[in-house]
Amino acid sequence: MPDKPTTVVAYAAGASLAAIAAFYVFGPTFFIDGENSYNTNDGRKRTIIGLSNPANDCFINSVLQALAGLGDVRIYLIKELHRRQLDGPEIYETPPTVLRKGERPEKIVSLQKGPVTKALKEMLDALNERPIYKKTISARPMIEALERAFQTRISRNQQDAQEFLQIVLERLCDEYHAAQKARKKPDLQLEHNGCAEASKPAGTNIPLSQVTVGTNEGFPFEGRIESQITCMRCGYKTKATATTFVSLTLNVPQKSSTSLDNCFDILLKSEEIDGFKCDKCRLEHALQWKQTKLKSATSDSDREALEADVAAIERALQDDPEKPPEGVVLPDSKLAPKSKIRKATRITVFPKVIAIHLSRSVFDPGSYSTKNMAKVSYTQRLRLGGLLNEHWYNLLGVVCHKGSHNSGHYESFRRNHLYPPFATPDAFSAYAAASRNSSRVTSATASPHVEATKTGGASAPEASQAPSSASISTHSLSTSNSRPSSNVVDAKEASATPPPKVEEPAEAPAMPALNRTETQASRPQIRTHGSSLPGKFRRRKKSHDRWWRISDEKIKEARTSDVLSMQREVYLLFYELERPGDDTTS
């Protein structure tokens, strides 16, 4: 027929469009973000987006690349900006009615709008694109947002990655809290308690009483440290002094080598201090002094005054020894006894992402500051907290510095992994497995099968392994010891000739040496987890061992051993709190 080629072409085009549509619906990022994402069809290795360095911006680029690999940070930025869109701009453009001393309305409005939060999200989104060719962008939009926020220019002379990180994190934290306060305005809450409240994301305005104890649910970098003093003489414990932090600075001891745990011990260890004057001990000394004077008082007026002072001191000792009683003349503090105290510091609120700064500066009053070149060993997993409040963190980013205290170069290591919902790694494999199970058509010849047993017997593992081994290869090739497949047997031939009964011996007989190679080549190979697949679908390195080593626009792959070996150069560490289901392979 003359129109038969046209019909065939039309059917082929329709089938191609259907296949393309199914691919983009079920696995749109399979070839980009999947297991084979590091090689293109022509053999070129894929890469990530780098940052240009026009004016000694390596201290900026290294921090931005490290932040781009933190999944919790990107989730926070998405939720925060989405919340602002749902609430509307009028909430954040209105200054608060009550201002603290020294606050300016225009500054509060600038914080409420969150320009740095928006600029950082756009920058991290751009850095997390998966380019098919070498691509370099500029960090200028992020720098301009910071300069507009602080109304000053960022100096390139200092070139300190830790100071830049601290500026960014403190600004993000201030914008978060300013937005939280703007949402709690009474007049705006009454105005937006209808549809806007119903459309807000769950968990965005959780009361403090409902927040999980020990973990920060707001700004991911914000944590809290508390310090408390215990008097070894009277046993009194002072009120805990709490301070918030967005990054932790750990002092590196001046020795040839140390570890990250030792640096944490310096910050969080309990230290004993001699020659301290306890408030409770001072009040007890004052009480004894007043009682001694009371015994020797001669006039009634002096006795009444001393009795009132003794009663006031006793109430202070019972209520709050740190607050001296008003109107009571205490003896000179030089006469108060000295005691030994123990100062304990601990983390009470653990952030989702902890940024650690290893301070390597050695200050010498008689000369210039130098850099501490001690080796600091660190691991992939970090344990913080006590036995009853244990938290585990995974290493996701490292910033290293090479050079002296006054000059050098920054580069970063970023774990090469993918976070949902930013990508769907191996999404097509689940669809393919479902398609294989649903596309089995009953043939005229019944396929041999192993019946499943309800009780755990010896044949149960074989029954569970049979479908997986058969689904690995596309076609089942018949061999001397294999059954004929129902997919290759013709239905007419099968209906005319009944299938032969093949009995499988307990042990397969040894094959002749001449035919063994040919039979093994035609036999479908069962791939295990550690086996390598031929061709472009060869299994690459494990996901937890993939890193990017980034030096501005120069990017190359690295291994975990390469990252952990940067013990002299390590400067900033970024750990993320482990979630259920995370890959904790070390």
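**View A: Tyr-76 counts as buried, at 9% relative accessibility.** Here buried means under 20% relative accessible area and exposed means over 50%, with partly exposed in between (1.4 Å probe, protein chains only). Keep in mind that this is a predicted model: local features need pLDDT of at least 70, side-chain atom pairs count only at pLDDT 80 or more, and totals for chains, interfaces and linings use all residues. Residues are numbered from 1 along each chain as its sequence is written, and side-chain values use heavy atoms, leaving out hydrogens and water. Tyr-76 belongs to one aromatic cluster along with Tyr-176, Phe-219 and Phe-221. Phe-219 is buried too, at 1% relative accessibility.

**View B: the ring pair of Tyr-76 and Phe-219, and then that of Tyr-410 and Tyr-571.** A pair of aromatic rings is described by how far apart the centres are and by the angle of the planes. Rings of Phe, Tyr and Trp (its six-membered ring) pair if their centres lie within 6.5 Å; planes under 30 degrees apart count as stacked, over 60 as edge-to-face and the rest as tilted. The count by this rule is five aromatic pairs. For Tyr-76 and Phe-219 the centres are 5.5 Å apart and the planes at 80°, so this pair is edge-to-face. Tyr-76 sits in helix H4, while Phe-219 is in the loop between helix H11 (195-199) and strand E3 (223-231), so the pair ties together parts that are 143 residues apart in sequence. For Tyr-410 and Tyr-571 the centres are 5.9 Å apart and the planes at 50°, so that pair is tilted. Tyr-410 comes from strand E15 (residues 408-415) and Tyr-571 from strand E18, so parts 161 residues apart in sequence are tied together. Both of these tyrosines, Tyr-410 and Tyr-571, are buried. The element names are DSSP runs numbered from the N terminus, with helices (H or I) of at least four residues and strands (E) of at least two.

**View C: Asp-174 in helix H9.** At 41% relative accessible area, Asp-174 is partly exposed.

**View D: the largest nonpolar core, with 46 residues.** A nonpolar core is a set of buried Ala, Val, Leu, Ile, Met, Phe, Trp, Tyr and Cys residues joined through side-chain atoms within 4.5 Å. Leu-64, Leu-67, Met-142, Phe-219, Phe-221 and Phe-574 touch the most other members. Elements giving two or more residues to this core include helix H3 (58-68), helix H4 (71-87), helix H9 (161-183), strand E14 (391-403) and strand E18 (570-577). A second, separate core of 31 residues includes Leu-248, Ile-356, Met-566 and Leu-573.

**View E: zooming in on Phe-574 and its contacts.** Contact means heavy atoms within 4.5 Å. Skipping neighbours within four places in sequence, Phe-574 is in contact with a list of residues, among them Ala-66, Leu-67, Leu-165, Phe-221, Ile-354, Leu-396 and Val-399.

**View F: helix H3, end to end.** With 11 of its 11 residues buried, H3 is largely enclosed by the rest of the structure. Those buried residues include Cys-58, Asn-61, Ser-62 and Gln-65, as well as Leu-64 and Leu-67.

**View G: strand E16 and its partners E15 and E17.** Two strands pair if DSSP finds at least two bridges between them. E16 (residues 547-551) and E17 (residues 554-558) run antiparallel and are joined by five bridges, with Lys-554 as the bridge partner of Ser-551. Two residues lie between the strands of this hairpin, and Asp-552 takes a positive phi near 60°. E15 and E16 also run antiparallel, joined by four bridges, and Ser-412 stands opposite Ile-550. E16 is mostly covered, as five of its five residues are buried. Trp-547, Arg-549 and Ser-551 point one way from the strand, and Trp-548 and Ile-550 the other way.

**View H: the cysteines Cys-231 and Cys-400.** A disulfide is taken as a pair of cysteine sulfur atoms within 2.5 Å, and the structure holds zero of them. Cys-231 is in no disulfide, and its nearest cysteine sulfur, that of Cys-234, is 3.7 Å away. Cys-231 is buried at 3% relative accessible area, and Cys-400 is buried at 1%.
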